[in-house]
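Keep the structure in view as you read.

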Amino acid sequence: RLLPDKGADTLVATFKRIDPSGASLVIAGDGPALAELREIAGRDPRIHFLGATEHADVLALFGSADIMA
């Protein structure tokens, strides 16, 4: 669940400032902070929002991630 107090806004803003080769940021979930996160991300093509995600799909995302926050 994307809530303002979880700090995802800091994650998105920081990711936008770095330039890791080939890196992408995938955010799964829905919640009150989603609109703000999309606004912070702007049109950065490296940031992807999946919206509400089934538990099995979340587990697959965990398995494919290099870093989780």
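Which residues line the largest cavity? They are Leu-3, Pro-4, Gly-7, Ala-8, Asp-9, Ala-33, Glu-36 and Leu-37. This is a predicted model, where local features need pLDDT of at least 70, side-chain atom pairs count only at pLDDT 80 or more, and totals for chains, interfaces and linings use all residues. Residues are numbered from 1 along each chain as its sequence is written, and side-chain values use heavy atoms, with hydrogens and water left out.

**The cavity**

- Rolling a probe the size of a water molecule over the atoms shows where empty space is left.
- On a 1 Å grid over the protein atoms alone, a cavity is a set of points where a 1.4 Å probe fits but cannot get out, and lining residues have an atom within 4 Å of a point.
- The count comes to 1 cavity of 30 Å³ or more.
- The largest cavity has a volume of about 40 Å³, a volume being the space filled by probe spheres set on the grid points, which are joined across faces, edges and corners.
- Helices α1 and α2 each supply at least two residues of this lining. Helices (H or I, at least four residues) and strands (E, at least two) are DSSP runs, numbered from the N terminus.
- By class, the cavity lining has 5 nonpolar, 1 polar and 2 charged residues. Ala, Val, Leu, Ile, Met, Phe, Trp, Tyr, Cys and Pro count as nonpolar, Asp, Glu, Lys and Arg as charged, and the others, Gly among them, as polar.

**The pocket**

- A pocket is an open set of points with protein on both sides within 12 Å along at least five of seven lines.
- The largest pocket holds about 890 Å³ of space.
- Its lining has 24 residues, and Leu-25, Val-26, Ile-67, Met-68 and Ala-69 lie nearest its centre.
- Two or more lining residues come from each of α1 (8-17), β1 (25-28) and α3 (55-64).
- The pocket lining divides into 17 nonpolar, 4 polar and 3 charged residues.

**Strands and helix**

- β1 pairs with β2 (residues 47-51) in the parallel sense over 4 bridges; pairing takes at least two DSSP bridges.
- Ile-27 stands opposite Phe-49 in β2.
- Leu-25 and Ile-27 form the covered face of β1, while Val-26 and Ala-28 form the uncovered one.

**Ile-40**

- Ile-40 lies in helix α2.
- Leaving aside neighbours within four places in sequence, Ile-40 is in contact (heavy atoms within 4.5 Å) with Asp-9, Val-12, Ala-13 and Lys-16.

Technical notes:
Buried < 20%, exposed > 50% of the residue type's maximum accessible area, 1.4 Å probe, protein only.
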